[in-house]
Amino acid sequence: MTGLGSHFKIILTLSWRNLWRNHRRTAIMLGAISVGVWAMIFMTSLMRGMVDDMLNQGIRNLPGHIQIQHPDFLDDPSVVNSIGEPGGELLTALTQNGARSWANRIRVPAVIASERESRGINLIGIEPAAEADISGLPAQISAGRFLQSNQDKGVIIGAKLAERLETRLGKRVVIMSQDPDNNIAERGFRIVGIYQAELAAQEEFNVFAARGTLQKLLKIEGLVSQIVLVDHDYRDVESLYRRVEAVTPDGLEVKPWYEIDTYLAVMFNMMDGFVLVWVIIIFLALSFGLVNTLVMAIFERVREIGLIQALGMRPGLILYQILLESLLLLLIGLALGNLLALVTIKPLESGLDLSAVAEGMAMMGVGSVIYPSLTLYDVVLANLVVVLLGILTSILPAWRASQLDPVRALNTH
Amino acid sequence: MATTKPQQNAGIHFYALLLLGLLAVSAPTWATEVETPEPRELIRAAMEHWRGVTSYSEMTMTIHRSDWERSFSMQAWTEGDKLSLVRVTEPKRDAGNGTLVKDQSMWTFSPKINRILKVPSSMMNQSWMGSDFSNKDISKSTDIIDQYEHRLLKSENLGDHVVYTIESIPHEEAAVVWGKEIVSIRDDFVMLRQEFWDQDDILIKEMEATEIAIMDDRTIASRMRMQKLETPGEWTEMVVDDIDFDVKMADNLFTLSNLRNPRQ
């Protein structure tokens, strides 16, 4: 038996010509496939962009990829659950072959008061020099200045909080909290900077002061709440986590971001599955059109198929020819769809501004500008799904065509 | 935060409320000896004047709002400027509510829930018993001496007395939100008036002595009113109905168990 290969050229020619016999129908189907593929890739890249943004922001607010803290701190973020500033082996590990950057942080619940209002806040003691690498805070200062040293006596509050307190840059506020003995710790601070975060909730809640100043205020000299480590990519913190955990003294807890914020972790893990489901849903809609096109093409050619069968073409080759026809259709559609996606995503990579719906986006923890992120994985997935499932759905009509009885087929009108 | 009461501050504290405001004196020596007193010393002398002095008083507090008004009768014990205990006697449904202040710590007791609560820092700015005084006003002590820069604005004669008007500006790091306070003290230590200005030089609230009386041989402001300028129809008034000085205090008076189970 001569293999299918030897007939390939003839079959290919037949398929190709058959494809363009009803060129309008083929064009419509090509349009459907390319729009479908475009939707798969484009929407996926938007979702990826949004989730990336959400994860980045979320992790930045944690605020690190990995955190070291007192075992009870996450459950009860009070000043009692402080830890010593890193020393010894841990310090060596952190500074020499550790993270991209790391910093100590103090974090306590506090109350801020102006002449007219007072509000509950999250008071964060930072090390200004290290902070630039860890959070985007220095870049978010919209008025005034950033903190200058660990002993800086100023405080930085959010624009929204300033509005609520009816205060502004340059004025004094009083911050009250408690020291480890439950005594009231309070002090006047001058507002030296106002920051604007992407999310209003943070602006209202997070207040930043220098680490040393807060240690003195809270009577916890030498103690901090957390040690924060930031690595290059949040997707890949496992090895750093292992290294740091190995040298962290007993009694301290080391946690990567995905254990601290399980919501973010679930988002992250779900994303791949989500993309697959999305691609398959679009394909399902597409497959009806595809099957219909093939069924119609076959239906129109029943006599013809009967004739070539009568002339000696084996059923296998008919199946082969129709599948090839379907594959050509899919490949051209995919090529167009991929091109379309590329052309639409590239110009948007500098950011898709959705400030009109910023409030709704903020509720999801996403900023108002989306940066679509095109990943090879998603493109390959979409193409593979379309080709494989496309061929699969074509098998049934093709198989039925190949099983036609030549005598009956020839007598069909 | 649910309740966001404007903050009061170190200037008036419970002790001030009860006594300092009602500052009394039999023989104000410094006033005659020093012609233009150092303002800081003036305030210190006013504070010193009460060190070690004990008192028992019965007072009425009236909280006035535009659409309602209510009064409490209270008993209060003080010892110096660090210890005080207040207990509500009338109306019946509030009777037994108490507040104990020791140094800068503050506890409240409510018989309805039979619990003593240490007032945490987060609640210090909230209103004390619904009045125009905050918990902080009640518990703060003598920080006004050291946390402010004092300046004598003027001294004027008012009847038989000299009235000193002192401007007090809080230090940079003082836990005080005000831009400045202006205090008028008579040479017999009666505080006539205390004004609280914000950092833009707008008067926010003031406390004023509206009646001055001699009780138990000391001159005190027997009626004082706290008022916020932004809400003209709202004020809180404290009236001293009766006061005894230098009373003997039981050792267990300023204790948590006494706050819960009155033994006087």
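At what angle do helix H2 (residues 23-61) and helix H13 (residues 315-345) of chain A pack, and how far apart are their axes?

## Helix packing in chain A

Helices H2 and H13 of chain A pack at an angle of about 45°, their axes lying 7 Å apart; axes here are lines fitted to C-alpha atoms, for helices over the stretch in contact, with angles running from 0 to 180 degrees between N-to-C directions. H2(A) and H13(A) are therefore oblique to each other, given that angles under 35 degrees count as roughly parallel, over 145 as roughly antiparallel, 65 to 115 as roughly perpendicular and the rest as oblique. Their crossing is right-handed, a term used when the near helix is turned clockwise from the far one by less than a right angle, anticlockwise being left-handed. Helices (H or I, at least four residues) and strands (E, at least two) are DSSP runs numbered from the N terminus. Among the residues making the contact are A:Met29, A:Ile33, A:Val37 and A:Ile41 of H2(A), together with A:Leu330, A:Gly333, A:Gly337 and A:Leu340 of H13(A). By class, this contact has 15 nonpolar, eight polar and no charged residues, where Ala, Val, Leu, Ile, Met, Phe, Trp, Tyr, Cys and Pro count as nonpolar, Asp, Glu, Lys and Arg as charged, and the others, Gly among them, as polar.

Helix H1 (residues 8-19) of chain A also meets H13(A), with axes that come within 9 Å and cross at roughly 55°. H1(A) and H13(A) are therefore oblique to each other, and their crossing is right-handed. The residues that meet include A:Ile11, A:Ser15 and A:Trp16 in H1(A) and A:Tyr320, A:Leu324 and A:Glu325 in H13(A), and the contact has ten nonpolar, three polar and one charged residues.

## Basis of the model

This is a predicted model, in which local features need pLDDT of at least 70 and side-chain atom pairs count only at pLDDT 80 or more, while totals for chains, interfaces and linings use all residues. Residues are numbered from 1 along each chain as its sequence is written, and chains are lettered from A and ligands numbered from 1 in the order in which they are written.

A residue is buried if 20 or more other C-beta atoms lie within 10 Å of its own, exposed if 12 or fewer, and partly exposed in between, with C-beta atoms placed from the backbone.

Leaving aside neighbours within four places in sequence, A:Val155 is in contact (C-beta atoms, placed from the backbone, within 7 Å) with residues including A:Val173, A:Ile175, A:Phe189 and A:Val207.

## Interface and local backbone features

Between the chains, 21 residues of chain B are in contact with 22 residues of chain A. The side of chain B that touches chain A has eleven nonpolar, seven polar and three charged residues.

In chain B, the peptide bond from B:Glu90 to B:Pro91 is cis, with omega near -10°, and B:Pro91 lies in the loop between strand S3 (83-90) and strand S4 (98-102). A:Glu166, although not a glycine, has a positive phi of about 55°; this residue is found in the loop between helix H6 (159-165) and strand S7 (172-178) of chain A, and counts as partly exposed because it has 13 C-beta neighbours inside 10 Å.

Notes:
Two residues are in contact if their C-beta atoms, placed from the backbone, lie within 7 Å.
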